[in-house]
Each structure stands twice: as structure tokens, then as C-alpha cells.
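Subject: Structure for you to look at, with notes

Dear colleague,

Here is the structure I said I would pass on to you.

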Amino acid sequence: MPNESSRLGSVCVYCGSSNTVEPSYLTDAHAIGESFAKAGLKLVYGGGGVGLMGAAARGAHEAGGAVLGVIPSFLRGREQPFDDVETVVVETMHERKMLMFERSDAFVVLPGGIGTLEEIVELLSWRRLDLHQKPIVFHNPGGFWDPFFALIRHTVDLGLTPPSLLDAWRAVEKAEDVTPALLSWNQEIDVAGAPATLRQLT
């Protein structure tokens with residue numbers, strides 16, 4: 001299915017870099033990367049060749065999709081870059097995150113650990129500050145992200161976070177629903193006529 005939207009051209013994936021995970025997470029990550037390629041979406045990711053990160057990149061690459069990896073130099077040994085795709089080497093984690101943000105029109109969050117949590121909390125914080133309105137979709141197999149969603153709702157219930165933040169993301173359980181959720185959300189943005197400036201960090 002070709003990408004029918006002029007807005008959505010690239011998708012950043014946040015996910016774990018560990019191979020010692022539930023095998024279905026790796027299978028799903030590969031399928032999600034493949035689905036991006038089939039939809040004409042470029043995959044932007046953390047540059048590693050291991051874990052869900054590597055599986056997503058291989059899925060996109062093997063399906064003929066464009067892939068951009070961004071990795072700090074000090075992680076090249078630990079995360080084993082996937083050299084078959086375009087990779088940019090930066091010096092710091094801050095540079096990595098900013099470049100990934102700037103090169104992406106939307107975000108997909110797969111299962112991950114503390115590093116993934118750091119990335120998504122920052123992304124939601126920027127959304128809270130109206131620095132962007134880029135779509136965010138969580139792949140939530142077996143309710144993986146439910147405790148995180150409950151924590152955010154807890155802060156809303158206590159008046160620490162505005163209720164509007166609960167509309168900042170969508171969650172789907174099945175890997176095959178991730179890309180359709182992104183494309184559907186993007187079409188809604190197009191119909192609503194959201195200014196492009198609201199989709200960028202300025």
C-alpha cells in the first residue's frame with residue numbers, strides 16, 4: 001500500500017536493544033519494520049543491530065524500505081550497528097534523540113526498557129508543552145505498556161498532568177495494526193488542517 005499522505009514520510013521507532021526478550025517481540029518488531037516499508041514509510045531508529053531495534057531495521061530493509069540509523073560513537077561496540085543501512089554516528093545521546101526527532105514525522109513505541117522509557121517520557125513532555133503534535137502509537141502486546149499508561153493517568157487524576165495528554169498517543173495490541181493506526185491518525189490530521197508548524201520542534 002503506497003503512502004497516500006504528503007505529511008507522513010518517516011517514522012521513528014523507540015524500542016529495546018536486548019536479544020534476551022520474549023521471541024514474539026522480535027518477530028513483531030521485524031513485521032512492523034516490514035509494514036513501514038510496504039507503506040512507503042522511512043524507518044528512523046537508534047542505529048543498533050541488536051534486539052527489537054535490529055529486528056525492526058532488518059524488517060524494513062529486507063522489504064526494500066528506506067532506513068536511517070542514528071547511533072552515538074560510544075555505543076557502536078555495544079549495540080552493533082546494522083551496516084547495511086544508512087547510519088549517522090553522533091557523539092552524545094542528546095544529539096541522537098534530537099536528530100531522530102527532527103528526521104521523523106511520527107513515532108512508534110515497541111516494548112523496551114529504561115532507555116525506551118526515557119525517550120517516550122521526553123517525547124510526551126514535549127507534547128505537553130505544545131512543541132509538537134506528531135502521532136505516537138504504542139505497540140502494546142499483552143498489555144506491556146499498561147502500567148506506564150496507568151502511571152500517566154495517576155498523575156492526571158492528581159492534577160499534575162492535564163487530561164489532554166491522554167489523547168497524545170494511541171495503543172494497539174497487534175503488530176499488523178501499528179501502521180494502519182499511524183496512517184489513519186495522519187489522515188485525521190490532514191482533514192483537520194493542523195498547521196505543519198505544530199508538528200515540528202521549534
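Which residues does Lys-97 touch, once residues up to four places away in sequence are not counted? Before the answer, please keep in mind that this is a predicted model. With that said, Lys-97 touches Glu-118, Glu-119 and Glu-122. Lys-97 has its place in helix H4, residues 93–102, and it is buried, with a relative accessible area of 6%, a value that falls under the 20% limit for that class.

Val-11 is another buried residue, with a relative accessible area of 0%, and its place is in strand E1, which covers residues 10–14. If its neighbours within four places in sequence are left aside, Val-11 is in contact with Phe-36, Leu-41, Lys-42, Leu-43, Val-44, Ser-104, Ala-106, Phe-107, Val-108 and Leu-182. Along the sequence, Val-11 and Thr-179 are 168 residues apart, while in space their C-alpha atoms are 9.7 Å apart.

Next come the helices H1 and H2. The axes of helix H1 (residues 23–38) and helix H2 (residues 51–62) come within 6 Å of each other and cross at roughly 35°, and the crossing is right-handed. On the H1 side, the residues that meet H2 are Tyr-25, Leu-26, Ala-29, His-30, Gly-33, Glu-34 and Ala-37, and on the H2 side they are Gly-51, Leu-52, Ala-55, Ala-56, Arg-58, Gly-59, Ala-60 and Glu-62. Sorted by class, this contact has eight nonpolar, four polar and three charged residues.

The aromatic residues may also be of interest to you. The structure holds twelve aromatic pairs, and in one of them the rings of Phe-138 and Phe-149 have their centres 5.0 Å apart and their planes at 85°, so the pair is edge-to-face, given that planes over 60 degrees apart are counted in that way. Since Phe-138 lies in strand E6 (residues 136–139) and Phe-149 in helix H6 (residues 146–157), the pair ties together parts that are eleven residues apart in sequence. Both Phe-138 and Phe-149 are buried. Ring pairs also link Phe-138 and Phe-149 with Tyr-25, Phe-144, Trp-145, Phe-148 and Trp-169 into a cluster, and Tyr-25 is one of the H1 residues that meet H2.

The charged end of Lys-134 sits over the ring of Phe-101, 3.8 Å from its centre, and the charged end of Arg-170 sits over the ring of Trp-185, 4.4 Å from its centre.

Asp-130 lies in the loop between helix H5 (114–128) and E6, and it has a positive phi of about 60° although it is not a glycine; with a relative accessible area of 60%, Asp-130 is exposed. Gly-77, which is found in helix H3 (residues 76–79), counts as exposed at 64% relative accessibility, and its C-alpha atom is separated by 18 Å from that of Thr-20, which is 57 residues away along the chain.

How values were computed:
Residues numbered from 1 in each chain as written. Predicted model: local features only at pLDDT ≥ 70, side-chain atom pairs only at ≥ 80, totals over all residues. Heavy atoms only, no water. Axes fitted to C-alpha atoms, helices over the stretch in contact; angles between N-to-C directions. Helix = DSSP H or I, 4+ residues; strand = E, 2+ residues; numbered from the N terminus. Left-handed = near helix turned anticlockwise from the far one by under 90°. Contact = heavy atoms within 4.5 Å. Nonpolar A, V, L, I, M, F, W, Y, C, P; charged D, E, K, R; others polar. Phe/Tyr/Trp six-rings, centres within 6.5 Å; stacked < 30°, edge-to-face > 60°. Buried < 20%, exposed > 50% of the residue type's maximum accessible area, 1.4 Å probe, protein only. Lys NZ or Arg CZ within 6 Å of the ring centre and 35° of its normal.
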